[in-house]
Amino acid sequence: MQDWFETPPGRYLLAWEQAQFDEAVADIFGYHALQLGLGCVDGLRANRMPHRWLATTDPAVPAPRAALLTDFAALPFTANSLDLIVLPHTLELSPDPHATLREVERVLVPEGRVVICGLNPTSLWGMRQRRARLYRRLGFGELFLPEAGDFIGYWRLRDWLRLLSFEVESGRFGAYRPAVRSEAWLERCRWFDPAGERWWPIFGAVYFLVAVKRVRGMRLLSADWRRTAQRASAPVPIAGRVHRGPPTSSTSSEGNGF
């Protein structure tokens with residue numbers, strides 16, 4: 001897929017995705033962040049966490065920074081240890097996207113975030129790809145999008161996330177220009193982007209979403225929880241309380257009329 005990103009439609013799509021990643025991760029705080037796959041997209045460059053890694057499954061693919069070679073379905077991190085994971089087209093290129101997503105859920109801390117982008121099968125680009133696959137079965141035609149990987153629909157992915165106790169914070173579509181290969185025609189069709197966002201928003205070539213890992217029954221404690229506990233356990237005087245002892249003999253005599 002990295003070779004396809006060097007084509008005119010690939011560069012157009014990459015620019016849109018890079019802008020979305022920069023905006024989404026800029027204000028996500030923590031200590032440890034991880035990107036799974038596709039080193040040509042720097043999904044963590046706008047993030048300020050002190051520890052950021054790029055994980056890849058293919059040692060032959062060049063990476064722009066230090067990379068970790070691992071299986072995405074068996075990450076070398078303990079449970080509840082990462083604050084942010086970005087998945088640029090990772091699930092659609094994975095041989096087992098369910099296992100990859102379950103592993104992401106395992107290593108994320110409660111309230112940790114996962115940022116995902118993927119190609120939209122219901123877009124004009126997806127329709128052209130399906131038509132090209134049909135033509136190839138008949139012995140002619142050329143694919144518009146990369147051959148590797150399977151499209152995962154936006155709503156289907158949301159169902160997967162919900163089953164793993166993720167809550168989708170935000171989601172959007174983008175890249176509405178027609179499926180053309182020429183850079184000149186892509187530039188002529190720039191007006192499709194604002195028109196698509198307004199009139200056919202779910203038919204963008206790519207979708208982008210941010211989800212939060214929720215843990216049911218868990219309550220996050222504030223920074224001053226120790227002082228709150230100390231104040232709650234301290235003895236509290238009761239104002240206006242008077243101790244009454246047994247009645248005196250003089251009081252008893254007066255009450256009996258003697």
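Visitor: How many salt bridges does a search of the whole structure find?
Guide: The search finds 12. A salt bridge is counted when a side-chain nitrogen of Lys or Arg lies within 4 Å of a carboxyl oxygen of Asp or Glu. This is a predicted model: local features need pLDDT of at least 70, side-chain atom pairs count only at pLDDT 80 or more, and totals for chains, interfaces and linings use all residues. Residues are numbered from 1 along each chain as its sequence is written, and side-chain values use heavy atoms, with hydrogens and water left out.

Visitor: Which residue forms a salt bridge with Arg11?
Guide: Glu183 does, and the closest N and O atoms of the pair are 3.3 Å apart.

Visitor: Where do Arg11 and Glu183 lie?
Guide: Arg11 lies in helix H1 (residues 8–25) and Glu183 in helix H6 (residues 183–188), so the pair ties together parts that are 172 residues apart in sequence. Helices are DSSP runs of H or I with at least four residues, strands are runs of E with at least two, and both are numbered from the N terminus.

Visitor: What is the relative accessibility of Arg11?
Guide: Arg11 is at 39% and counts as partly exposed. Glu183 is also partly exposed, with 45%. The classes are buried for under 20% relative accessible area, exposed for over 50%, and partly exposed in between, using a 1.4 Å probe and protein chains only.

Visitor: Which side chain meets Arg162 in a salt bridge?
Guide: That of Asp159, at 2.6 Å from N to O. Arg162 and Asp159 are three residues apart in helix H5, which means that about one helical turn separates them. Arg162 is exposed at 55%, while Asp159 is partly exposed at 36%.

Visitor: Where is Glu111 found?
Guide: In strand S5 (residues 108–119). Glu111 is partly exposed, with a relative accessible area of 25%. Its phi is positive, about 75°, although Glu111 is not a glycine. Most residues other than glycine have a negative phi.

Visitor: Back to H5. Which of its residues are buried?
Guide: Tyr154, Leu157, Trp160 and Leu161. Seen down the axis of H5, these buried residues fall within an arc of 120°, so they line one face of the helix. The arc is taken from the directions from the helix axis to the C-beta atoms.

Visitor: What do the buried residues of H5 pack against?
Guide: They pack against helix H2 (90–93), helix H3 (97–107), S5, S6 and strand S7 (206–213). Contact here means heavy atoms within 4.5 Å.

Visitor: And which residues are exposed on the other side of H5?
Guide: Trp155, Arg162 and Leu163.

Visitor: What follows H5?
Guide: Ser165 follows H5, and its phi is positive, near 70°. Ser165 is found in the loop between H5 and strand S6 (166–174). It counts as partly exposed at 27% relative accessibility.

Visitor: How many bridges join S2 to S3?
Guide: Three bridges join S2 to strand S3 (residues 67–69), and the two run parallel. The bridge partner of Ala55 in S3 is Leu68.

Visitor: What about the loop between S1 and S2, is Leu38 buried or exposed there?
Guide: Leu38 lies in that loop, and at 11% relative accessibility it counts as buried. Leaving aside neighbours within four places in sequence, Leu38 is in contact with Met1, Gln2, Phe5, Pro88 and His89. Leu38 and Gln2 are 36 residues apart in sequence and 7.2 Å apart in space, C-alpha to C-alpha.

Visitor: Last one. Which residues make the nonpolar surface patch of about 410 Å²?
Guide: Leu134, Tyr135, Leu138 and Phe140. Patches are made of residues with over 30% relative accessible area and no salt bridge, joining like charges within 9 Å and nonpolar side chains (Val, Leu, Ile, Met, Phe, Trp, Tyr) within 5 Å. Accessible areas come from the Shrake-Rupley method with a 1.4 Å probe, and for residues only the protein chains shown count as cover. Phe140 lies in the loop between helix H4 (124–137) and helix H5 (154–163), and is partly exposed at 49%.

Key
Two strands pair if DSSP finds at least two bridges between them.
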